[in-house]
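Here's a quick briefing for anyone meeting this structure for the first time. Have a look at the model, then read on.

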Amino acid sequence: MFTGIVQGIAQIHAIKDSDNFRIQIVKLPAEMRKGLEIGASVANNGVCLTVTEIHGDLVSFDLMQETLRITNLGSLKAGDFVNIERAMQMGAEIGGHILSGHVYCTASVSQIIESENNRQVWFKLPTKDVMKYILTKGFIAIDGISLTIGEVKDDEFCVNLIPETLHRTLIGKRQIGDLVNIEIDPQTQAIVDTVERYLAAKA
């Protein structure tokens, strides 16, 4: 489980591709490796991945075909950066909201609006079916960052970003057309799906 409070960014050192499979090797800073062991869960751009090898500051993760298909990790190459969050520990402060690291889909950046000490970014979702889970003032995770939805229009929504978020994560470097990973709030999904099933049964 994760909290959506990204601890920093790390560079992809190498990528090894084979049939329907990829090994992603990330160079993790010392503060992100403390106590890290093989088998641990680490979110890369919000995707929960398992540590398979550790060689000094180089940490390896296995990516299955489904992960490469659903998320933006499949388009990354050596030299690119990813948002990193270590799995939450029991008793730790939860500054964001509970995340599983299971990405629902990707969305594309559709508009960026700059203002003093703030940036508003709009995202377009691939289908309107996903929009039923996107509610104004609700939670959402974008590339593993816990954020509050600012406004919703048709198949788009926006978030407002403070300088700390822009500095600590990759979202400040996103440009129009870039794809980001989306994890919808599981509680919102459960409520919406339950209501839909109830109404369908009643009809």
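UniProt positions are given in the numbering used here, feature names are shortened, and annotations may be inferred rather than shown by experiment. With that in mind, the unreviewed UniProt entry puts "domain: Lumazine-binding" at residues 1–97 and again at 98–195. This is a predicted model, where local features need pLDDT of at least 70, side-chain atom pairs count only at pLDDT 80 or more, and totals for chains, interfaces and linings use all residues. Numbering runs from 1 along each chain as its sequence is written, and side-chain values use heavy atoms, with hydrogens and water left out.

**The 98–195 span**
- Residues 98–195 are 16% helix and 44% strand, going by DSSP runs numbered from the N terminus (helices: H or I, at least four residues; strands: E, at least two).
- The end C-alpha atoms of that span sit 22 Å apart.

**The largest cavity**
- A cavity is a set of points, on a 1 Å grid over the protein atoms alone, where a 1.4 Å probe fits but cannot get out; lining residues have an atom within 4 Å of a point.
- Grid points are joined across faces, edges and corners, and a volume is the space filled by probe spheres set on the points.
- There are two cavities of 30 Å³ or more, and the largest has a volume of about 50 Å³.
- Its lining includes Phe 2, Val 6, Asn 83 and Glu 85.

**The second largest cavity**
- This one has a volume of about 30 Å³.
- Among its lining residues are Asn 45, Val 103, Ala 141 and Ile 182.
- Strand E12 (residues 179–184) gives the largest share of that lining, three residues.

How values were computed
1 Å grid on protein atoms, 1.4 Å probe; cavity = no way out; pocket = protein on both sides within 12 Å on 5 of 7 lines; lining within 4 Å.
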